[in-house]
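Visitor: Please take me closely through a single part of this structure. I would like to know what surrounds it and how it packs.

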Amino acid sequence: MKAEFTFSSLALRNLKRKPLRSVILIIAIALLVSALVFSLSFVRRVSSGIRLASERLGADILVVPAGSRGFAEDVLLENKAKSFYMDKGIIEKLKAIPGIDSLTYQTYLTTMQGLCCDVPETVVVAFNQDTDFIIKPWLTEKFGRKLQKGEALVGSESAFNIRVGLVEVDSVLFGNIFRMVGILDKTGTGLDNALFIDDGNLEDIMRKGKTDLKPGQISIVFAKVKKGLDPYKIAGDIEDSFVEVDTMARKDIGKSIITTLRDINYIFIFTMLLICFLSGFLTWAIFSAIANERAREVGIMRAVGAKESHIVFVFFLEVIILGSIGSIIGIFGGTALSIVLAKTFSIMKNLPLHLGVAERFIIGGAGFLVGNGICIAGALSPILKIKKMEPLMAIKKE
Amino acid sequence: MVTQIEVSGLTKEFAVADQTITAVDRVSFAIDKGEFVSVVGHSGSGKTTLLSIIGGIMKPTSGQVLFEGQDICAFDDDRLSEYRNEKIGFMFQFASLLPMLTAEENVMLPGLFRKSKSAGDQTKVRELLHVVGIGDKCDVYPSQLSGGQQRRVAIARALMYDPRVILADEPTGDLDEETENDIMQLFKGLNRERQITFIFITHNLELAGMAQRTLRMTRGNLREA
Ligand SMILES: Nc1ncnc2c1ncn2[C@@H]1O[C@H](COP(=O)(O)OP(=O)(O)O)[C@@H](O)[C@H]1O
Ligand SMILES: [Mg+2]
């Protein structure tokens, strides 16, 4: 016994009559949707990754050596190993700026495997435990004491890299042996890939001469401003007072990346519009041809009692079937692409954030709507045209 | 007798190039419920056009068609579609099957567009296909049927949902004499037993003679023969 004869079986059979044409349309929609899903995933991941990272830093203002803003972002957002230095004297000067509540500073060293150290290239953060408010929130409960000389903490990601796990191991950093004594919680910033030591170790490190750090140098100062004050204004004040430094207010962190991202975004949008237009046009062309070929059949259906709405319904079923198959393939394709290519784009590789299932779901949903929307938009005019034909005229049309 | 179809002042003009062809010219007549009427006339005299307007598959230029008192020319698309679906069984002069449906499905096609989904009456379909002489072709697609066999499927389709009126445009045109006779007997039977009104166009004067009443079309004009 064969399946019941319904509108959907009618639509399916119509599509099977010209399989090549159906497949072409499905491929076009799949490409459209996968491009869309990929770009949305990319933009979404980078932008929310940056926002998350800057929110978690816990400082209102960052002060870095003049011209080093980009380097600082590289370290903090992407954990690219960069070193940049300024004179420690800046700390006292900053304290004199009105509105500053508290300050702490860090010094960044980059490791190079084989030359100085036995860990892969990463950033070693030397921080001041007395003033620190950046690292402290991420110290796991277990680690209830101060770091001693010769001890290091590892970021949650580096924990995998150097395979310490829960076991204490020794590593050579800049010619000195350090014992890895604990792991930081995941911060969602570039710091997850770093190693952390007390800045009291810097003297020993400089003595071994395996780094270009000079005495009295630091990389970055983090400042909190007093409640109710505008970080932007104070950051401006700092830049006005000291030419040797640049500042970033918290919201500025990642700005250069976000600006680049905006350009990428425009390229994506432009590409998407183009692909949408092309797929819409293809759908239009295919359905115009279909409508023409089937004028007679539509006339017959009308003659035996099909309403205009029935005709539209059958055609829309076909459109939706094609659009949905294409969209679903596209969603999987685009998601797979974004996962695979994430390893290729350094900006994504190093960003801490991975898209959650919910977010992927929303992006997939958007892809589905756009895929079907384009199909419907493209097929609309041919379908509306054919439903308006007088039955007998449609039948006689040949 | 109850008047079922009342045509008055019906005119249909076609604009072809820069001249107008009047295919149906101010035609008026009435048909009672249960009548068995034949329409004859030369080719091009306007028979198909007239029948199509009565069947609601073409709009007239002017005039009206009252079906059981209602002017079908004033119906909106939905009502007109329901009229075609429920009241009329139309048999076209030319092949009118959907190629992607089997014979059986073609017969059930009008059921797809009905509000009451009684489409699934397969026994009836098979019975009808048997009556029109192709009981063994239920699952066959139109492309595998001869012209005459396709026509029989279309006849079964028109009869499937018990219409009030059957409009048949040369229904036995390409059938052999024997089948032609069978079909006419079937029509007569349905007409007698169920009071279905028949209006059929034919070139065959012998067939026309089987009707109680014959109308003759001449260049768009109609008169009783
Ligand atoms: N769609 C049309 N466009 C233009 N002229 C038409 C159309 N349909 C029919 N005609 C013309 O109307 C006249 C009547 O046609 P028709 O009703 O098919 O005649 P019959 O069925 O008696 O052979 C013919 O002259 C035919 O050429
Ligand atoms: Mg004709």
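Guide: Start with helix 3 of chain B, residues 103–112. Ten of its ten residues are buried, so this helix is largely enclosed by the rest of the structure. Buried means under 20% relative accessible area, exposed means over 50%, and partly exposed lies in between, with a 1.4 Å probe and protein chains only. Helices are DSSP runs of H or I with at least four residues, strands are runs of E with at least two, and both are numbered from the N terminus.

A word on the basis. This is a predicted model, in which local features need pLDDT of at least 70 and side-chain atom pairs count only at pLDDT 80 or more, while totals for chains, interfaces and linings use all residues. Residues are numbered from 1 along each chain as its sequence is written, chains are lettered from A and ligands numbered from 1 in the order in which they are written, and side-chain values use heavy atoms, with hydrogens and water left out.

Back to the helix. Its buried residues run Ala103(B), Glu104(B), Glu105(B), Asn106(B), Val107(B), Met108(B), Leu109(B), Pro110(B), Gly111(B) and Leu112(B). The cover comes from both chains. From chain A it includes helix 1 (7–17) and helix 9 (295–303). From chain B it includes helix 2 (77–86), helix 4 (122–131) and helix 5 (147–160).

Take helix 5 of chain B. Two packed helices are described by the angle between their axes and the distance between the axes. For helix 3 and helix 5 of chain B, the angle is about 35° and the axes are 8 Å apart. Axes are lines fitted to C-alpha atoms, for helices over the stretch in contact, and angles run from 0 to 180 degrees between N-to-C directions. Helix 3 of chain B passes helix 5 of chain B in a right-handed crossing.

Now the residues. Ala103(B), Asn106(B), Val107(B) and Pro110(B) of helix 3 meet Val153(B), Ala156(B), Arg157(B) and Met160(B) of helix 5. Contact here means heavy atoms within 4.5 Å. By class, this contact has six nonpolar residues, one polar and one charged. Ala, Val, Leu, Ile, Met, Phe, Trp, Tyr, Cys and Pro count as nonpolar, Asp, Glu, Lys and Arg as charged, and the others, Gly among them, as polar.

Next, follow the cover into chain A. Helix 9 of chain A passes helix 10 of chain A in a right-handed crossing. Val298(A), Met301(A) and Arg302(A) in helix 9 meet Glu308(A), Ile311(A) and Phe315(A) in helix 10. That contact has four nonpolar, no polar and two charged residues.

One buried lysine in chain B is also worth a look. Lys12(B) lies in strand 1 (residues 3–16). It counts as buried at 9% relative accessibility. Residues touching Lys12(B) include Ile21(B), Val24(B), Ile53(B) and Pro60(B).

Conventions. Left-handed = near helix turned anticlockwise from the far one by under 90°. Lists of a residue's contacts leave out its neighbours within four places in sequence.
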